Amino acid sequence: DGVNWTQVTTTSSPSARYAHAMAYDSARGKVVMFGGVVGSNGFFNDTWEYDFPVSAASVATYGNACGSPNLAFAPLTLPIIGRTFESLVSNAPEQFGAITIGWSNTSWLGMPLPMELAVIGMPGCYVNQSQDITGLAVAPGVASSTLRYDLPIPNLVSLFNLHVYMQAVAYAPGYNGLELITSNGIDLIIGNY
């Protein structure tokens, strides 16, 4: 997992050997071993590959949005380790916004989610997940009403099956007291395919 080692039991494995060649193929996500020596004059001419555990990536949208029209947050790619997750925010009144990331979509600071923001001057707008990381900058999109956010995902097996919840916030002059609107949420499950 990048810190600790765990022995993995496989259905088959290579014979004991030394002087073999081994490398990690990052493009395919496999460890490859070739050849080696056994005893005083026995040579191996075989190739072995180790596939890391398989975990399917998925993404879904959920929750409430506000705006006129509603601020929409949509995935463009799957959240796969070692790649960049790409997403698009549509219906942004201005090209100024941010992304929040959370680890829960059921509660935040002891309060149940989703939570309406009328009490702070944003009626009809909601917090859809915990706000564990806030203020991640978005880039202007192709159209004047779109914003783009890319999330690089490290190539770490320890991230398999991790839920990451994301929500967009955009500047909306005159829409409400805080002049901000919120999007629906995106639920990522990180995998390797």
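I began with charge and ring contacts, and noted that the charged end of R17 sits over the ring of F44, at 3.9 Å from the ring centre. I keep in mind throughout that I am reading a predicted model.

**Aromatic pairs**

I looked up where the two residues sit, and found Y62 in strand β4, residues 58–62, and Y165 in strand β15, residues 163–171, so that the pair links distant parts of the chain, 103 residues apart. I checked the exposure of both: Y62 is buried at a relative accessible area of 18%, and Y165 is buried as well, at 8%.

The other pair I wrote down is that of F96 and Y171, which is edge-to-face too, with 6.4 Å from centre to centre and 80° between the planes. Here F96 belongs to the loop between β6 (84–90) and β7 (97–102), while Y171 belongs to strand β15, so the pair ties together parts of the chain that lie 75 residues apart in sequence. I found F96 exposed, at 56% relative accessibility, and Y171 partly exposed, at 31%.

Is strand β7 largely enclosed or open? I went through its residues and found that six of the six are buried, so β7 is largely enclosed by the rest of the structure. I recall that in a regular strand the side chains alternate between the two faces of the sheet.

Which strands pair with β7? I counted six bridges to β15, with the two strands running antiparallel, and three bridges to β12, where the strands again run antiparallel. To have a residue to look at in each case, I noted that T100 has Q167 as its bridge partner in β15, and that A98 stands opposite A137 in β12.

**An open sheet**

I also traced an open sheet of four strands, in the order β5-β6-β14-β13, with antiparallel pairing. Its edge strands are β5 and β13 (139–140), each of which pairs on one side only. Between β5 and β6 I found four bridges in the antiparallel sense, and as one place to look I marked P75, whose bridge partner in β6 is S87.

**A surface patch and a loop**

Turning to the surface, I noted that W103, I133 and L162 form a nonpolar patch there, with about 260 Å² of accessible area together. Of these, I133 has its place in strand β12, residues 133–137, and is partly exposed, at 32% relative accessibility.

I next looked at S158, which lies in the loop between β14 (147–152) and β15 and is partly exposed, with a relative accessible area of 43%. Its C-alpha atom is separated by 9.7 Å from that of I81, although the two residues are 77 apart along the chain.

Another runs from L113 to P114, with omega near 0°, and P114 lies in the loop between β9 (111–112) and β10 (115–117).

For positive phi I recorded N91, which is not a glycine and yet has a phi of about 70°; N91 is placed in the loop between β6 and β7, and is partly exposed, with a relative accessible area of 30%. I recorded N161 too, where phi is near 65°, again a positive value in a residue other than glycine, and N161 has its place in the loop between β14 and β15.

Conventions: Residues numbered from 1 in each chain as written. Heavy atoms only, no water. Buried < 20%, exposed > 50% of the residue type's maximum accessible area, 1.4 Å probe, protein only. Phe/Tyr/Trp six-rings, centres within 6.5 Å; stacked < 30°, edge-to-face > 60°. Lys NZ or Arg CZ within 6 Å of the ring centre and 35° of its normal. Patch = residues over 30% accessible without salt bridge, like charges linked within 9 Å, V, L, I, M, F, W, Y side chains within 5 Å. Areas by Shrake-Rupley, 256 points an atom, 1.4 Å probe, with all protein chains shown as cover. Salt bridge = Lys/Arg side-chain N within 4 Å of Asp/Glu carboxyl O. Pairing = 2+ DSSP bridges.
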